[in-house]
Amino acid sequence: MPYEPPPELAGLSLAEVAELVAARKLPPVSQWSPENTGDSEMRIAADGRWFHQGSRIKRPAMVRAFASLLTRDEDGRHWLVTPAQKLSIEVEDAAFIAIDVKQDGDALAFRLNTDDLVIAGPDHPIRAQGDPDTPALYLGVRNGTEARLNRSTYTQLAEIALAGNDLSVTSQGARFSLQPA
């Protein structure tokens, strides 16, 4: 069955985004604890491109499948987890890139470079890193992984914040500062 990406974020209501998020069947990687560990020989570049043994993985469906197996531990290391193996994966910055955002009432919905949809809130926080001159914004995705907001998404979010005369945004009752601490 060919992969059908979700419709453009701008054309979706918050309820439709929530339905698509709920419909995505993700593997229960947080429940798996394989003893067999190793190195995947994979890398996710800072721009979101995936590589295996130095060659770029060009098939979006393959990247999407691998991305569904990602987790990050307390030490910040990223892993591809299956019931049988836990393989390390090098991540230069963040595992995902947030490529679009839409405000719908008191919620912010994001689209990632893997076509995943994430609604920011207490379970998916936005955090600011860096310094005031060169800030970077990150969105919690799942299993400890994060998405870095690309430039256009960062700009969209800043415009939402400035419309409220503040450098912060709210989503699902949680308030997030866009300024690094």
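Colleague: Which domains does the domain assignment of the protein give?

Modeller: The assignment gives domain 1 (11-91) and domain 2 (96-110 + 118-177), and such bounds come from an automatic or database domain assignment. Please keep in mind that this is a predicted model, in which local features need pLDDT of at least 70 and side-chain atom pairs count only at pLDDT 80 or more, while totals for chains, interfaces and linings use all residues. Residues are numbered from 1 along each chain as its sequence is written, and side-chain values use heavy atoms, with hydrogens and water left out.

Colleague: What does UniProt place at residues 27-94 and 95-178?

Modeller: The UniProt record, an unreviewed entry, places the feature "domain: DUF1285" at those two spans; UniProt positions are given here in the numbering used for this model, feature names are shortened, and annotations may be inferred rather than shown by experiment. Residues 27-94 are 12% helix and 38% strand, and residues 95-178 are 15% helix and 51% strand, where helices (H or I, at least four residues) and strands (E, at least two) are DSSP runs numbered from the N terminus.

Colleague: How many residues of domain 1 and of domain 2 are in contact?

Modeller: Contact means heavy atoms within 4.5 Å, and 18 residues of domain 1 are in contact with 12 residues of domain 2. Between them the two domains bury about 1,200 Å², 57% of it on carbon and sulfur atoms. In domain 1, Leu14, Leu70 and Arg72 lose the most area to domain 2, together 40% of what that side buries. Buried area is the accessible area (1.4 Å probe) that two parts lose on being put together, summed over both.

Colleague: Why is a space called a pocket rather than a cavity?

Modeller: On a 1 Å grid over the protein atoms alone, a cavity is a set of points where a 1.4 Å probe fits but cannot get out, whereas a pocket is an open set with protein on both sides within 12 Å along at least five of seven lines, and lining residues have an atom within 4 Å of a point. The largest pocket holds about 390 Å³ of space, a volume being the space filled by probe spheres set on the points, which are joined across faces, edges and corners. Its lining has 18 residues, of which Leu20, Val21, Arg24, Asp116 and Leu117 lie nearest the centre.

Colleague: What makes up the lining of the largest pocket?

Modeller: The lining divides into 11 nonpolar, 1 polar and 6 charged residues, where Ala, Val, Leu, Ile, Met, Phe, Trp, Tyr, Cys and Pro count as nonpolar, Asp, Glu, Lys and Arg as charged, and the others, Gly among them, as polar. Helix 1 gives the largest share, 4 residues, and domain 1 and domain 2 each supply at least three residues.
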